[in-house]
Amino acid sequence: MANNPIETFIENSLKNIEEDSRRTLQNNNKKLLNLSSNNYLGLANDKRLKQAGARALQKYGTSSSASRLIAGNIKIHEDLENALTEYFQSEACLLYNSGYQANLGIIPTLMDKNDEIICDRLCHASIIDGVLLSGAKFRRFPHFDYNILENILKKIPPQAKKLIITESIFSMNGDIADIPVLLELAIKYNCLLYIDEAHSLGVLGEKGKGLLEKFNIDPKNKNIIRLGTLGKAFASFGAFILGSKNLRELLINKSRSFIYSTAIPPSASAVSFAALKIIESEPSRRKKLWDSTFYFIQKLKESGFDTLRTQSPIIPILLKDNKTTMEFSRRLFKENIFIPGIRPPTVPSGQSRLRISLTSNISKDDIDTVIDKLVKIPLFPPLKKGD
Ligand SMILES: *Cc1c(COP(=O)(O)O)cnc(C)c1O
């Protein structure tokens, strides 16, 4: 049946994870070093988070049982929003059920078909989907090419409503957006700057306050909206948007993925709340993560690998060709190391790569082992930059 939508060829499959100590995962009785987790601060197995979740389960039950606007606005959700607002020095915060749903709900609330959205070419699929759903005119600039961004902005009529969207740490490259430059452009051309900080809130900056902390920018700047997820460094589930009180009110009233979906379980918010406390009180987790990050990047470079412009725990190893990439990934798998290969359409064609995402659970000894195995793969030496 040629028109059956289910009978298309599907290349990817789900991996069975039987046991997960977080440093390792077990797949078909094979124990693998896990270099592909977003559990950046190693909190997903933390006793205190588990206890906070268990207490909330006892106290509030298993579900929020309704949308926030109806009967699901359980106190713990607002407590978490207040704590996030305070920690990230914003004016207001609103929870979403996931980063994906947040992008899908927020972008179309802010922009419609009369408006203009300008986006870094490498932005995440959830951003693209949110933009498409908004119906706004959609333009993209080459990754980090802010001159082209400015040329685009110049050509848009000044009265048009405009939104610039970027990620903070880019999810496939690990490189970091130059927020001061973007903010200057946003102010000059009178538009909002939407920063998806999925990989940076909790992780980047001495206090984990993300890109604005790193660049010393006022978190209450009126041109900036920030998105964080609770599924990565926070080791929980959900997401949150940081911005003005007006923005929060607007989203509560207009954002469809907020309005028409059951609120996250109270236990998830309780876990996030406990995680925020640790993000605040245990900076050593971040320090360990960043020490390992720079150690790993340096070792890879010394071994001749092209790690693009990463400056973060997301470390690509560019191999360009699909087959080489998947073969590297398979050989590492045989050596009990899990680093997935990433191919188009997730990355542009000709830019297939291994993608490491490092957590504070991984030690320098682990990193030495990985480097040792990588350089012994017969496909080594890998292509040099510019080949
Ligand atoms: C992970 C991610 C999301 C989605 O967040 P979830 O909470 O996992 O749905 C959105 N944007 C970016 C850039 C991400 O990396």
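Guide: In H3, Ile76, His77, Asp79, Leu80, Ala83, Leu84 and Tyr87 meet Pro266, Ser269, Ala270, Ser272, Phe273, Leu276, Ile279 and Glu280 in H11 (contact: heavy atoms within 4.5 Å; helices: DSSP runs of H or I, at least four residues, numbered from the N terminus). This is a predicted model, where local features need pLDDT of at least 70 and side-chain atom pairs pLDDT 80 or more, while totals for chains, interfaces and linings use all residues. Residues are numbered from 1 along each chain as its sequence is written, and side-chain values use heavy atoms, leaving out hydrogens and water.

Visitor: What makes H3 roughly parallel to H11?

Guide: Their axes, lines fitted to C-alpha atoms over the stretch in contact, come within 9 Å and cross at roughly 25 degrees. Angles run from 0 to 180 degrees between N-to-C directions, and those under 35 degrees count as roughly parallel (over 145 roughly antiparallel, 65 to 115 roughly perpendicular, the rest oblique), so H3 is roughly parallel to H11.

Visitor: Why is Ser267 called buried?

Guide: Its relative accessibility is 14%, and buried means under 20% (exposed is over 50%, partly exposed in between, with a 1.4 Å probe and protein chains only), so Ser267 counts as buried. Ser267 sits in H11, residues 266-281.

Key:
Helix = DSSP H or I, 4+ residues; strand = E, 2+ residues; numbered from the N terminus.
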